[in-house]
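The structure is shown first, and the explanation follows.

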Amino acid sequence: MSYFSGVPQAPADGILKLSVLSRADTTPSKVDLGVGAYRDDNGQPWVLPVVREAERRLSEDPSFNHEYLGVGGFPALTDGAQQLIFGSSSPAIGQNRVYTIQTISGTGANMVAAVFLKQFKKPTDAAVYISKPTWGNHRSIFETAGHEVREYKYCNYETLTLDIDGMLSDLRAAPRGQIIVLHACAHNPTGIDPTEDQWQQIASVMADRGHFPFFDCAYQGFATGDIDRDAYAIRLFVDRGFELLVAESFAKNMGLYGERTGCLHAVCQSADLLPMVSSQLNRLSRATISTASAYGAKIAATVLQDPRLYEEWLLSMADMSQRIKTMRDALRDRLVALETPGTWDHVSQQIGMFSFTGLSKAQVDTLREQYHLYMTDDGRISVAGLNTHNIDYVAQSIDAVVRAS
Amino acid sequence: MTMLSSALKSSSLLRGPSAARCLSAWAQVEMGPPDAILGITEAYKRDTDARKINLGVGAYRTDAGKPYVLKSVAQAEQNILQQSLDKEYLPITGLAKFTSAAASLAYGTQALDRVAVTQSISGTGALRIGGAFLERFHAGKAIYVPGPTWGNHGAVFRDCGLKVGQYRYFDPQTNGLNLAGMLEDIRALPKGSLVLLHACAHNPTGVDPTSAQWAEIQKVVEECEHVAFFDMAYQGFASGNVDRDASALRSFVEANRAPVLLAQSFAKNMGLYGERVGTFSIVGADSAERDRLLSQVKILVRPMYSNPPVHGARIAGEVLTDAGLREMWLGEVKEMADRIIRMRAALRGQLEELGSKKSWNHITDQIGMFCYTGLTPAQVDRLASEFHVYLTRDGRVSIAGITTGNVQYLAESIHKVTKD
């Protein structure tokens, strides 16, 4: 009898299942709207020119090697990342009260934050609140770390816009001092972001209730195309005097996906807390990965630290977000022109890589089975999967399925 | 309200609402333990003496004392760059071309169809996945490591929620293996216990069992129905031969009695350190079990980091599967191992030549990157303060830090602090 005979088969990852199905589908008209990665107008992955240039420089650098990074990560990356998120003139940076540790992209940053919070959160029974809905991995990450996870209202499923009243009400009703997971911009999966005014309201309620903000920032620059605008919420909270954690990813905005490049930032009330906080973050990161992966960090640092490459990167991000915006408008316009039942403004108002279409699971299944359109069961589409070649087909398919329901 | 309290009130309003909370969320966070090895490196960096030697480094150095990018690795990296590959996410379990080649390297030709293997964040990440897996599926939540062991083992397993116990291993009398103590302790463990074994080049002592000793260890592990979790961070780097260095692991797998898990690192043997290249694997009963195990491993990995870094895996995959690069690589691994062996011989030879009364056989008996010299903390401190030679206070020397240029000075320094 095998020692492992008691280990059961685990359920397959939903999104993975979808991509397996999609890859197996050889129909020419197939459209993959499940993928969580940027695609160009030909439906191809896009490696940013500044990334290629950075790689070229690294390959020609005689001092390039594969030595271990320090436990904090590649300093040129962590410094650059700090400035990117908080702004180079951020008082938090100037007052030396930000500690940044490099992580295995955004997921790794979430995980380090979750483990750190489990050990050090106050009150010790504080629950972690995630938006309803949120990125599928949030619940898993925080529950694995041993937190109780609760939801706050977020998406108004009727209008597919922000249920700000519901959200504020839930934040007010929660016990004092809870941990609130906030998407800095380009909410995943809905694409629904609070306005600046709404962020101010959220900040006020959280201050009143003594809640602790954890920002997940995976799309800075990718949402509006403007890195400062996309960092508004984080910088607002810092200005308001909050202590907070920020998980930052370069997967999408620099297209570094598989290189796993990211950081976790801890903003503390004062500089004298940094030695303690940094030593504990270092310690627990050391026990998970020892040190983070170097190559992607060196690429990102090269881009962040070179003024010309940095400017070019900003333009690339603007291009990506503009193409996505164009596709949003194109889909909405076509659905309106086809007079598809329902309202479709939310498709162009939502922001970032994803759109919560409002399609039901039954409709999603039909789109997949009959029209070879792949999207997740919650009706989320990756707008990056839309392009000028497939937009008409997608609009017509959605129109057909909605009419038939 | 007094003037003072109203002044405080108004000033806190200016600074923002949360400033009224006087206490930081982190006020009770204590200072974490200092990193011993980091401390050595920092002291070494501050030292301005030209003769200074850093023997704390856990990475290979050339005879010129420099980091070494293997030619096979550099070539593979060039090949990859020329292909202009994309940077899409890898699957959760990593790059298949790499993981299957890595499994073959470790296990040889046996059991490959029933090995559940995933790419990992180097050896540490593999240990973490293994620890998490065992915490979830193994009945007794304790793992037993050799005394001493790599400094991070305890931290990794404890953070997984496992208790960490120890079995006797190093004999400070002989600077060799305490086999009797080891076997006795392993036998005394509750049936079905988790036993961590260093596959080769034990860290920090450099003391490896002989093959006869391994056979005895294997027998006890099997008889007690224990689970063998191998940590293999130095395959090829110990003896210079990858098959020889994997022989203990393969012997366990061939016998197919004790369950086997493996944490495999390419940090040292491919010099890929910072790219974090490794695998975690479990040997299943058959391919159906392999699939079940892999499904559970994926569940553990997803909330840790979603999927692993692609660059290092591409390099390693290229090196392992391209015949020319593989042969080049095996030659380079042997060269690195040989330089280490030469430096061991040189250090021992010099100490004997200086007329040291102590026995230094262990320097050449031990194997791999590290040597447990037997130096006391007081002697280690003197070496640092008087002779500018830096090593960890357990007396561990990284042989990679020794060169033909510094071995004489090192021998003289060690002789001076040990001769009385």
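The paragraphs below treat single helices and then pairs of helices.

The model is predicted, with local features requiring pLDDT of at least 70, side-chain atom pairs counting only at pLDDT 80 or more, and totals for chains, interfaces and linings using all residues. Residues are numbered from 1 along each chain as its sequence is written, chains are lettered from A and ligands numbered from 1 in the order in which they are written, and side-chain values use heavy atoms, with hydrogens and water left out.

Helices (H or I, at least four residues) and strands (E, at least two) are DSSP runs, numbered from the N terminus. The expected span of a helix is 1.5 Å times one less than its number of residues. Helix 5 of chain B covers residues 122-137; its 16 residues should therefore span 22 Å, and the end C-alpha atoms lie 23 Å apart, in agreement. Of these 16 residues, 13 are buried, that is, under 20% relative accessible area, whereas exposed means over 50% and partly exposed lies in between (1.4 Å probe, protein chains only).

Helix 8 of chain B (residues 211-223) has 13 residues and reaches 18 Å from its first C-alpha to its last, close to the expected 18 Å. Its buried residues include B:Trp214, B:Ile217 and B:Val221. Among the elements covering the buried residues of this helix are helix 7 (179-188) and strand 8 (227-232) of chain B. Just after helix 8 of chain B, B:Glu225 adopts a positive phi of about 60°.

Two packed helices are described by the angle between their axes and the distance between the axes. Axes are lines fitted to C-alpha atoms, for helices over the stretch in contact (heavy atoms within 4.5 Å), and angles run from 0 to 180 degrees between N-to-C directions.

In chain B, the axes of helix 13 (residues 323-353) and helix 16 (residues 407-418) come within 9 Å and cross at roughly 50°. Helix 13 of chain B and helix 16 of chain B are therefore oblique to each other; angles under 35 degrees count as roughly parallel, over 145 as roughly antiparallel, 65 to 115 as roughly perpendicular and the rest as oblique. The contact includes B:Leu347 and B:Leu351 of helix 13 of chain B and B:Leu410 and B:Ile414 of helix 16 of chain B.

In chain A, the axes of helix 8 (residues 196-209) and helix 10 (residues 232-239) come within 10 Å and cross at roughly 40°. Helix 8 of chain A and helix 10 of chain A are therefore also oblique to each other. Residues including A:Trp199 and A:Met206 of helix 8 of chain A meet residues of helix 10 of chain A, A:Leu236 and A:Phe237 among them.
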